[in-house]
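Please keep the structure open as you read.

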Amino acid sequence: MSRFVIGLCLFGFGLRCWADPVLPSFLSDHMVLQQGREIHLWGKADAGETVSVSLAGCVATATTDAQKHWSVHLPALSAGGPFALTVQGKKQIVIKDVMIGEVWIASGQSNMTFSLDSAEGAATEVPKADYAQIRLFTVPRKIALSPQEDTLPAHWQICTPDNARSFSAVAYFFAREIHGKLNVPVGVIESAWPGTTIEDWVSPEALQSDADLKSVLEEAKLATPDEKNLAENSLPLQLEFDDFELIPANAGSPGKILANFDDGTSRISTGGSFSYGWTDSPDALFELISPGRGAGGFAARVMGRLDGTQDSTLTAHYKLDGAAVDLSSYAGIRFWVRGNGSFRFRSKQPTITDWDDYAAPSLKASSDWQPVTVLFRDLRQDGWGVTLPFTQNALSGFTIESLTTLGYAPIPASGLYEGMITPLVASAFRGVLWYQGESNALKAHQYRKLLPALINGWRAASHQDDLEFLIVQLPNHGATPNEPGESAWAELREAQLLTLQHIPRTGLAVTIDVGDPKDLHPHRKLEVGQRLAFWAEGTIYKQPIEYSGPLYESVKIEGSEIRVRFSHAGSGLEARDGGELRGFAVAGADRKFHWAEARVDGDTVVVSRRDVPSPLAVRYAWGDSPLCNLFNRDGLPASPFRTDDWPGITGQ
């Protein structure tokens, strides 16, 4: 361990030996450090050397250990700034524009990474995102099998329209609300990854400590050597493509050459060209090589190395300006491929903006040239975006994802915790915003254990038992039930609600009213960020507000009726649209649920159905995308719930 001295506030402190210090990416210009908490700063230098650190008149010294680590602690500071942080060794490093304020981590999957410029109202919200005291830090994607000392290169940014537009919309709206209410600097760290499961983010120690979760780690041990290598390193890739042509819909009609690269260019016969995603795959190269297929001309080659975080995308634009062309007279596209790796064809159309394109399954290349035929009729959306018709009369191009021989290799359990959370936990934070669960909906019952494990693991690793966790409950998405029934999404929401009820210092932003039945990525992110902020303001920051919608508290059977009591009734319960309460169902001993009549009575709702004379259980908003309208008069929706504990569809 590094030797450190708790810093004292003083000036004019000098040292005789200077190291050449190195700081982690997290410690950079414009950063925000947590107010009211001891400040931990760390880095590397030559073994046995001495480092001096000063901030806001507080100074501490440390001597590096044999592993070249140094670590100091400075006293807690009140909100303010800007300050300069000076680290003196053989060289002096000055970190400028350091603020002291509130710091939060924003983590989860795609709805957390959903950017501000894609959110509802972006046209007006992005230009307004100009706040000198809100700071943004994005953790680069990294998979690891062991704790990491640093993130991949990154730095803090001041919140400006240009910097905020690609940042998490939920995190931005949260930060803006907190900054506006508290008038202190706010730093938000986005450490999230679309499509990931919660297992990716849970610490291995937390998984190991629960017998019901050890199976998650056991599955990870089944990974092949190549899969483990891809998690922390990279694998080689080499794919060659040639002779792209459109297949006529009628057998007697001629086909159309799209590109054969024989002229030494990547032009396409419809007027466009191929392009390559250089920044997403820095260790892979796109080039035209000679000879192509048939010992003449050229072929397109993608060659290099990819790790589990990188995307190697070769894109064909039918028109240089991105305009669509009518391909309704063609059945599909044929091309030739050879090499070492996998690939996937995705058709592009202007109506799809969420990357859930019509695509073919991934395929593996062989060492010899092989033809690949992609028929438009066989293309399918993956189903995680908006379901839209295939517009063969208006296609803008296609992409070919180049992959290693592993294809879409799974992320190992704890792989993102190790790669994207462990570099952060040495610092102090107020709390975590967590928006995830879509990828775990079919294992919702297990989520009851996984979410508390994640929370406990992050608290243990950061040595902050009071680290706050604010959870976004999954919104409405999918089918609206005609009759009461079972729902995996409802069970996942229940797991999130149970975490609130059983794990201290947690909060819940209910979003059952701001989702989209047809879109896994709803655009109404303002309300999500605000509701997270309301919970923080009402609990952590002690603001006199109602910070939650109604939450199920207790149930009492009163003859043929059931009375459900709620906490957070606020100014009173109401049906949001002023009509009858919707979304309640009751069941008797047969456990068959029926839609029920419901009426508000103080801070309770009385539920009944004439042909269920002896009700035993009540459910509310139990479905993928339920019709429900119970709110408090403070404008916040009630959380879905059930009073029974009967087995669901995701396990018991």
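Two strands pair when DSSP finds at least two bridges between them; strands are DSSP runs of E with at least two residues, numbered from the N terminus. The model is predicted, with pLDDT of at least 70 needed for local features and 80 or more for side-chain atom pairs, while totals for chains, interfaces and linings use all residues. Residues are numbered from 1 along each chain as its sequence is written, and side-chain values use heavy atoms, without hydrogens and water.

In β34, S608 is the bridge partner of E561. Strands β29 and β34 belong to an open, antiparallel sheet of four strands ordered β28-β29-β34-β33. Because β28 (551–558) and β33 (597–601) each have a single partner strand, one side of each is left without a neighbour in the sheet.

A second open sheet of four strands, also antiparallel, runs β32-β31-β35-β37. Its edge strands are β32 (593–595) and β37 (641–642). A587 stands opposite F593 in β32.

Here are two of the pairings:

| Pair | Sense | Bridges |
|---|---|---|
| β29 (561–567) and β34 (604–608) | antiparallel | five |
| β31 (584–587) and β32 | antiparallel | three |

Strands β32 and β35 (617–620) each supply at least two residues of its lining.
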